[in-house]
Amino acid sequence: MKALRLGLAQVDTMVGDIEGNTEKIRAQLAAARAAGCDIVAFPELAVTGYPPEDLVLRRAFCEASREATAGLAEATRGLVAVVGFVDWRDDDAYNAAAVFADGRWVDTYDKQRLPNYGVFDEERYFRAGRRTAVYRAGGVRFGVSICEDIWYPGAPLDAMALAGAELCININASPYHRGKARERERMLATRAADNSIAVAYLNAVGGQDELVFDGASVVMDAEGRTVARARQFAEELLVVDVDLDEVAQRRLHDPRRRVELRARDWETGAEFVDLGVALETSREPAMGGAMAALMDEEEEVWSALVLATRDYLRKTGFREAIIGLSGGIDSAVVAAVAVDAIGAERVIGVSMPSRYSSEHSKEDARALAENLGIRFLTIPIEPAHAAMLEMMADVFEGSDPGTAEENLQARQRGNVLMTLSNKTGAIVLTTGNKSEMATGYATLYGDMAGGYAVLKDVPKTLVYRLARWRNARAGKPWIPERSITKPPSAELRPGQLDQDSLPPYEVLDPILEAYVEDDRTVDEIVAMGFERATVERVVRMVDRNEYKRRQAAPGVKITPRAFGRDRRLPLAAKYR
């Protein structure tokens, strides 16, 4: 059997930590060598971290990236290695992959297709490559591409396949959203089968600001079947023997390649590069790669929230987290995520009851803290609330109590949490969900105050599902049952319920998904079966609260259209 041993180093890097990232790469090079790998690959921009954003506009940063990449050459002895980095040459920056062979930097591949949609701004930073290479290593021929290059049919994948490449190594930093791993595998299966080429898709893992990368690297055979898969949300060196004989056999039975070559007058547009090494390909039997199962939706989202929160705190230097505990579902889920992310000993829960706080809410907040094993503080806001009402009495005289008086309580709670943050150095994790952020059902400088918004992109109905899932995983009511079942309320006035201000969440969330994520019109959403008055009301709330979302803390992206990174609308705009 002609089989190539391939290592996919699914690593968690940090933007700008060039020294730390290259040390991680060196460690994985050694691990790949010990595993008997012929080739080992690293994610897109592994040297610099992804996305480096405007750091790329600093020439010194790009030059440091290139210098550090060159310094990896010696560590690649006995291997072929593909390493993502920012390259600087010809007075411009490239999203590039260095190709090393036995201690030598032999070639550089430049990303050809630069995404400029959603969370991506690569046209702003990089010059596109134009060259497709096929690398020869003895009897092995393979190509290299970067992320977006493989999402399109055609170049560069077709050129390398037609030129005889048996394997395409595609390195990525592909951000997560719900269901993304399955979407990627459907696309990759099509690319592999259409081009009769094995595809090794390597993805980054880890959190970076609002983005989280889920790993789930895969190897596809030439028929589009998944033959190996790395875990989601975890660092891993995936090692697999790629059957190159299977690629040749597939091509014998597929006439499309011959037809396409004839149509191109036998010109593929690919350049051959000899790496000057011969790889061991005689392996009997071949080693099958690991096949990690893909998670179900609740586990996947929970894992994304945990990893993103852990990495945000680690990469920004925070050791502890503070969370305001209301006794409700949102703060309970945030606290549970924080415990999974950084450990109970580093989480502080704060109950801040007011004159309107119910006894069951105070009890549920304490029960949650006991269940999670976190430090619990009770700081009543009534003295500050009463003092503020007295201070504003003359100004408010003659008007009925309303939103301004209610929001005083939320702002006093925000003040307490931020003061504790200043005193302890812990970060405040906000507890608002996507349904609230969408409709503006949140208080500026109150419950929106904080450093990281764990549930910012999680609809309320999904919050409930996550709570149920985490309790089932724990085998006990880790999150108090009453926090899940009681009607949600901000408790800023007697008898207040969320449904006094919002449609029921099971109605609201599908409308929000249609309007925010799918850009459906009012008429289209009404045609889906919703009442026109309700749809028009929700749309008005979304439109007029863009200014609040601009001032919200960064938070984890878990849907295809997150506020801020994906969905960006003008504040002053007349169109409705």
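Rings of Phe, Tyr and Trp, the last represented by its six-membered ring, are taken as a pair if their centres lie within 6.5 Å. By this rule, nine aromatic pairs are counted in what is a predicted model.

**First stop: Tyr125 and Phe126**

Select Tyr125 and Phe126 and display their side chains. The ring centres are 6.5 Å apart and the planes meet at 65 degrees, so this pair is edge-to-face; planes over 60 degrees apart fall in that class. Both Tyr125 and Phe126 are buried.

**Second stop: Trp302 and Trp469**

Next, select Trp302 and Trp469. Their ring centres are 5.9 Å apart, and with planes at 45 degrees the pair is tilted. Colour helix H8 (residues 297–316), which holds Trp302, and helix H15 (residues 460–474), which holds Trp469; the pair therefore ties together parts that are 167 residues apart in sequence. Trp302 has a relative accessibility of 3% and counts as buried. Trp469 is buried as well, with a relative accessible area of 15%.

The axes of H8 and H9 are 8 Å apart, and the two helices pack at an angle of about 65 degrees. Their crossing is right-handed. To view the contact, select Trp302, Leu305, Val306, Thr309, Arg310 and Leu313 on the H8 side, which meet Val333, Ala336, Val337, Asp340, Ala341 and Ile342 on the H9 side.

Is Ser331 buried or exposed? Its relative accessibility is 3%, so Ser331 counts as buried. With neighbours within four places in sequence left aside, Ser331 is in contact with Ile323, Gly324, Leu325, Ser326, Leu368 and Thr431.

Move to helix H17 (residues 505–517) and helix H19 (residues 532–544), whose axes come within 10 Å and cross at roughly 60 degrees. H17 and H19 are therefore oblique to each other. The crossing of these two helices is right-handed. From H17, select Val507, Leu508, Ile511, Leu512, Tyr515 and Val516; they meet Thr534, Val535, Val538, Val539, Val542 and Asp543 of H19.

Within H19, centre the view on Val538. This residue is buried, with a relative accessible area of 0%. Which residues does Val538 touch, not counting those up to four places away in sequence? They are Pro503, Leu508, Ile511 and Leu512. For a distance across the model, draw a line from the C-alpha of Val538 to that of Tyr445: the two residues are 93 apart in sequence and 23 Å apart in space.

Select Phe563 together with Lys434 and Arg549. Lys434 lies over the face of Phe563, at 5.6 Å from the ring centre. The charged end of Arg549 also sits over the ring of Phe563, 4.5 Å from its centre.

**Last stop: an aromatic cluster**

Finally, select Phe85, Phe100 and Trp105 and show their rings. Ring pairs link Phe85, Phe100 and Trp105 into a cluster.

Conventions:
Residues are numbered from 1 along each chain as its sequence is written. This is a predicted model: local features need pLDDT of at least 70, side-chain atom pairs count only at pLDDT 80 or more; totals for chains, interfaces and linings use all residues. Side-chain values use heavy atoms; hydrogens and water are left out. Rings of Phe, Tyr and Trp (its six-membered ring) pair if their centres lie within 6.5 Å; planes under 30 degrees apart count as stacked, over 60 as edge-to-face and the rest as tilted. Buried means under 20% relative accessible area, exposed over 50%, partly exposed in between (1.4 Å probe, protein chains only). Helices (H or I, at least four residues) and strands (E, at least two) are DSSP runs, numbered from the N terminus. A charge sits over a ring if NZ of Lys or CZ of Arg is within 6 Å of the ring centre and within 35 degrees of the ring normal. Axes are lines fitted to C-alpha atoms, for helices over the stretch in contact, and angles run from 0 to 180 degrees between N-to-C directions. Angles under 35 degrees count as roughly parallel, over 145 as roughly antiparallel, 65 to 115 as roughly perpendicular and the rest as oblique. A crossing is left-handed if the near helix is turned anticlockwise from the far one by less than a right angle, and right-handed if clockwise. Contact means heavy atoms within 4.5 Å.
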